[in-house]
Amino acid sequence: MSAQLFQQYSQFEDGLIRKFHSHRFYRTFSQLTREQFIDYLLQIGVLSENFVKWYETAKLGMASEVAYEVIRHILRDEIPQNAPTHQDDRLYDLNLIGVSTERVRNVKPSEVTSKTVERLYELVRYPQEDYDLRIMVTLRIAGEVLVAEQYQHVIRYMRVNLGIAGSQSRFYFPHWQHDLKGAKVEGEPGHTDSFDKLLESMITDERKLEVAMDAAKKAFEARSGIHDQFVRKPTRFLLRTAGVAVALLLTLFMGTSVYQKMAKPSYYEFLASLPPGARNFYLDLEISLIERARAGIDVKNLHRIGTSKYASEVWSVWP
Ligand SMILES: [Fe+2]
């Protein structure tokens, strides 16, 4: 029963992976300029810098010793005993791409990136109901599964756009290899699959399956949120486009004879339509008022000249 439930969970996860790649940002990823690509790498690098601290924080409070050990195993890979750490390797790859160490060391997390980090920590807050299950699913999705999917795009861009082969990479390519769902590293399960047996033992009934899927969805949303800063806001874009279209249509419409017929004529247009005698009567009233204003007798009504309101209020005559 549990194996079947885990299978259901795994299929749900596969759906999230497909959704991840359908993000507008990845559909046009290969068209990024080199500078946009670097900016993207530096912002997602902030999540990478937080990886060890986030895993260390998340595991504190779990009841399962097996779960602890799965996390510790991944953390040991992060800072191996006799080899460069993963952050050393990340710097190596960024230098290879042409980003200076100074630039890497002085990256300022954007507002969206900072919010993403905040959301990831919020997901591993303690205490929570079903803590072990929620934490393991959250770390697997946001720390392993989606990292591999994300780095697929990075590797492809490096190879196709920058001419850097996977074999030259020490960070993005090896990470993709060992984080990928279904991957084997020297015959052993990769990071994502190292959660399998444990999750299978945890998802024991329908309620637990719901919890796992809920945690996966929230981790997916938090981790994917970082991409929002790299695409134009569709609503803002649509509103701007719609605004321009409406303004254009309005301008065209105002030039048409239909509009001219629909629009209320101005006071002078009205006067122009009168027979000469009547028109002169009203024009004389205007001239009189202008002269009164010039002589300083009645300046307060000057702003009403040219309006029918003036004629009615000042002269008690309605045109
Ligand atoms: Fe990993």
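The legends below describe close-up views of a predicted model.

Residues are numbered from 1 along each chain as its sequence is written. Local features need a pLDDT of at least 70 and side-chain atom pairs count only at pLDDT 80 or more, while totals for chains, interfaces and linings use all residues.

**View 1. Overview of the protein chain.** The secondary structure comprises 17 helices and two strands; helices (H or I, at least four residues) and strands (E, at least two) are DSSP runs, numbered from the N terminus. Of the 319 residues, 24% count as buried. A residue is buried if 20 or more other C-beta atoms lie within 10 Å of its own, exposed if 12 or fewer, and partly exposed in between, with C-beta atoms placed from the backbone. Among contacts with a separation of 6 or more, 70% join residues 24 or more positions apart; two residues are in contact if their C-beta atoms, placed from the backbone, lie within 7 Å.

**View 2. The largest nonpolar core.** This core has 46 residues, and α9 gives the most to it, with 15 residues. A nonpolar core is a set of buried Ala, Val, Leu, Ile, Met, Phe, Trp, Tyr and Cys residues joined through C-beta atoms within 7 Å. Met 136, Val 137, Ile 141, Ala 216 and Ala 219 have the most contacts inside the core. Leaving aside residues up to four places away in sequence, Ala 219 touches Leu 123, Val 137, Thr 138, Ile 141 and Ala 142.

**View 3. Helix α10 and its surroundings.** Six of the eight residues of α10 (residues 172-179) are buried. These are Tyr 172, Phe 173, His 175, Trp 176, His 178 and Asp 179. They pack against α6 (86-97), α9 (131-160) and β1 (184-185).

**View 4. Helix α3 against helix α8.** The axes of α3 (residues 34-49) and α8 (residues 111-123) come within 10 Å and cross at roughly 25 degrees. Axes are lines fitted to C-alpha atoms, for helices over the stretch in contact, and angles run from 0 to 180 degrees between N-to-C directions. The two helices, α3 and α8, are therefore roughly parallel (angles under 35 degrees count as roughly parallel, over 145 as roughly antiparallel, 65 to 115 as roughly perpendicular and the rest as oblique). Gln 43, Val 46 and Leu 47 of α3 make the contact with Thr 113, Thr 116 and Val 117 of α8. Three of the contact residues are nonpolar, three polar and none charged; Ala, Val, Leu, Ile, Met, Phe, Trp, Tyr, Cys and Pro count as nonpolar, Asp, Glu, Lys and Arg as charged, and the others, Gly among them, as polar.

**View 5. Helix α3 against helix α6.** Here the axes come within 12 Å and cross at roughly 175 degrees, and α3 and α6 are therefore roughly antiparallel. Ile 38, Leu 41, Gly 45, Ser 48 and Glu 49 of α3 meet Gln 87, Arg 90, Leu 94 and Ile 97 of α6. The contact residues divide into four nonpolar, three polar and two charged.

**View 6. Backbone geometry in two loops.** Most residues other than glycine have a negative phi, and most peptide bonds are trans. The peptide bond from Tyr 126 to Pro 127 is cis, with omega near 0 degrees, and Pro 127 lies in the loop between α8 and α9. Asp 130 is placed in the loop between α8 and α9 and has a positive phi of about 55 degrees. With 16 other C-beta atoms within 10 Å, Asp 130 is partly exposed. Glu 186, in the loop between β1 and β2 (188-189), has a positive phi near 50 degrees. Glu 186 counts as exposed, with 5 C-beta neighbours inside 10 Å.
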